[in-house]
Amino acid sequence: MKLLEEVLGRIKPSEEERRLVNKVTREVVDIAKAKIEKVESEVTLHLVGSIAKDTYLSGDHDIDLFLAFPLESSLEELRKRGLELAKAIGNNLENYEVAYAEHPYVRAIYKGFDIDIVPCYNVKSWKEVRTAVDRSILHTKWVIEHLNGRNDEVRLLKRFLKGANAYGSEVYVRGFSGYLTELLIIKYGSFLKLMENIEFLGKIKIIDLEGWLKKEPEIAYKTVEREGEKPLVVIDPVDPRRNVASALSWEKFGVFYFKAMEFKENPKLEFFFPSKKKIGDYKVLLREKGTNLIVILFPKPDLIDDVLIPQLERSAKGLEKSLKKEGFEVFDLNWGYKNKAFIMLEIDRIKRPRTKLKLGPEFLTNRALDFYGKNQKVWVRGKRLYSEKGVEEGVVEVIENLFAKNQVSLGKNIRESVKNADILINFVPRELEDEAYLFLSKEKWDIKA
């Protein structure tokens with residue numbers, strides 16, 4: 001298809017780019033090997049990820065180095081010695097920082113390339129896997145053995161998913177991982193065949209490329225049963241206990257499904273390289289819709305995205321649940337950060353009617369007749385007069401009371417920040433104006449856009 005050739009012309013690394021990537025990768029590998037031979041000679045170095053598998057996109061040059069320790073090493077040893085070795089390698093690159101996942105690793109920069117240096121165990125099969133990252137070595141080997149020259153098909157699928165904002169398995173994306181895209185191409189043979197089978201993919205739900213359901217039925221069926229509520233169950237070819245698509249959300253699968261269905265009918269370059277979303281005035285949009293915008297705004301906590309974004313989501317959903325209990329209709333939620341962290345809620349109104357009890361004087365006092373005359377409903381309880389009045393209670397007051405009474409489920413690491421946040425009504429700072437418009441207009445998520 002001519003369209004796909006045009007796309008590949010934009011996303012496939014040129015020969016010049018390949019030479020640069022290969023040169024820098026060799027340099028980094030040589031630096032790492034020299035340090036390993038000097039410090040930890042029993043460690044085996046593995047190049048993994050998209051560069052190793054030659055499925056990377058033009059301009060996307062992440063080098064993933066895994067430091068594989070012998071299985072005899074304890075987990076404590078792996079963490080301590082692995083981090084020391086990774087830092088020693090990082091010292092020979094341009095700069096580095098320590099990052100944290102299941103155990104610490106190093107993120108470095110070298111000649112403009114991002115480099116992850118990750119300690120792991122030198123596993124030969126799934127039965128030896130002891131940490132989450134151990135499988136990466138097996139993943140790379142399996143894909144290289146089974147891809148059979150379909151590298152460009154993977155590139156097309158990755159770019160299609162990026163165009164749909166559905167690429168990446170991070171908790172703040174919940175889309176398709178690079179490994180999952182490779183497995184889908186291996187399963188269906190090409191990008192176009194995957195598009196043709198998109199309806200079937202949604203119905204079969206289970207992909208078992210290595211035949212684990214026959215080879216290890218007890219373990220594999222447990223995986224299927226455990227992951228049954230997920231949009232896809234792709235049993236990891238290197239480990240029957242794992243669903244490769246575990247991180248994939250229904251929302252991102254739905255976006256991919258409809259985009260693929262539409263692409264089948266009308267293939268366009270726009271699917272791979274979508275136009276920038278149109279931005280309008282969020283204040284005009286609020287007037288047109290007749291809804292209201294509440295923004296919880298506070299300084300961005302010093303947390304990595306993998307921690308911060310889920311906690312913002314938890315807090316946003318906690319606010320939604322609590323406000324609904326208080327009688328407010330919450331239409332939609334949004335969360336994230338620019339200069340500051342934010343939670344946005346689109347609600348039906350900013351005030352609600354409430355009835356308050358009015359305590360009057362005893363009916364035999366001088367003030368009793370005045371109270372009696374000023375109020376519509378008046379009754380006597382014992383010697384005292386009572387009445388009631390309707391008042392309007394603002395949503396800010398409601399939220400503040402909910403926070404004060406700990407009646408909102410909030411992310412544990414940002415709880416105090418949210419409670420002390422600024423609460424804005426129908427207004428956002430300039431840096432969030434585009435975000436507010438995209439949120440209120442639904443352009444941010446519109447799968448037909």
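Is valine 330 buried or exposed? I looked this up first.

**Entry: valine 330.** I find valine 330 buried, at a relative accessible area of 3%. For my notes, buried means under 20% relative accessible area, exposed means over 50%, and partly exposed lies in between (1.4 Å probe, protein chains only). Valine 330 sits in strand β10. I also looked up its separation from threonine 291: 39 residues in sequence, and 9.7 Å in space from C-alpha to C-alpha.

**Entry: ground rules.** The model is predicted, with local features needing pLDDT of at least 70 and side-chain atom pairs counting only at pLDDT 80 or more, while totals for chains, interfaces and linings use all residues. Residues are numbered from 1 along each chain as its sequence is written, and side-chain values use heavy atoms, with hydrogens and water left out. Helices (H or I, at least four residues) and strands (E, at least two) are DSSP runs numbered from the N terminus.

**Entry: salt bridges.** I searched the whole structure and got 32 salt bridges. The criterion is a side-chain nitrogen of Lys or Arg within 4 Å of a carboxyl oxygen of Asp or Glu. I then went through some pairs.

Arginine 352 and glutamate 393 form a salt bridge at 2.6 Å, N to O. This pair links distant parts of the chain, with arginine 352 in strand β12 (residues 351-362) and glutamate 393 in strand β14 (residues 384-394), 41 residues apart. Arginine 352 has 5% relative accessibility, so I list it as buried. Glutamate 393 is at 13% and therefore also goes down as buried.

Lysine 338 and glutamate 435 form a salt bridge at 3.8 Å, N to O. Here too the pair links distant parts of the chain: lysine 338 is in the loop between β10 (330-337) and β11 (340-347), glutamate 435 is in helix α18 (residues 433-441), and they are 97 residues apart. I note lysine 338 as partly exposed, at 41% relative accessible area, and glutamate 435 as buried, at 9% relative accessibility.

Lysine 230 and glutamate 227 also meet in a salt bridge, at 3.2 Å, N to O. Lysine 230 counts as partly exposed at 26% relative accessibility, whereas glutamate 227 counts as buried at 6%.

Which residues are linked in a network of salt bridges? I get Lys12, Arg18, Asp54, Asp152 and Arg155.

**Entry: helix packing.** I looked up two helix pairs. Axes are lines fitted to C-alpha atoms, for helices over the stretch in contact, and angles run from 0 to 180 degrees between N-to-C directions.

Helix α6 (residues 151-163) packs against helix α12 (residues 250-265) at about 115 degrees, with the axes 10 Å apart. I therefore record α6 as roughly perpendicular to α12. The classes are roughly parallel under 35 degrees, roughly antiparallel over 145, roughly perpendicular from 65 to 115, and oblique for the rest.

Helix α2 (residues 15-39) packs against helix α4 (residues 75-90) at about 130 degrees, with the axes 9 Å apart. I therefore record α2 as oblique to α4.

**Entry: surface patch.** Phe363, Leu364 and Val380 form a nonpolar patch on the surface, with about 330 Å² of accessible area together. Patches are made of residues with over 30% relative accessible area and no salt bridge, with nonpolar side chains (Val, Leu, Ile, Met, Phe, Trp, Tyr) joined within 5 Å and like charges within 9 Å. Areas come from the Shrake-Rupley method with a 1.4 Å probe, and for residues only the protein chains shown count as cover. Valine 380 lies in strand β13 (residues 378-381) and is partly exposed at 47% relative accessibility.
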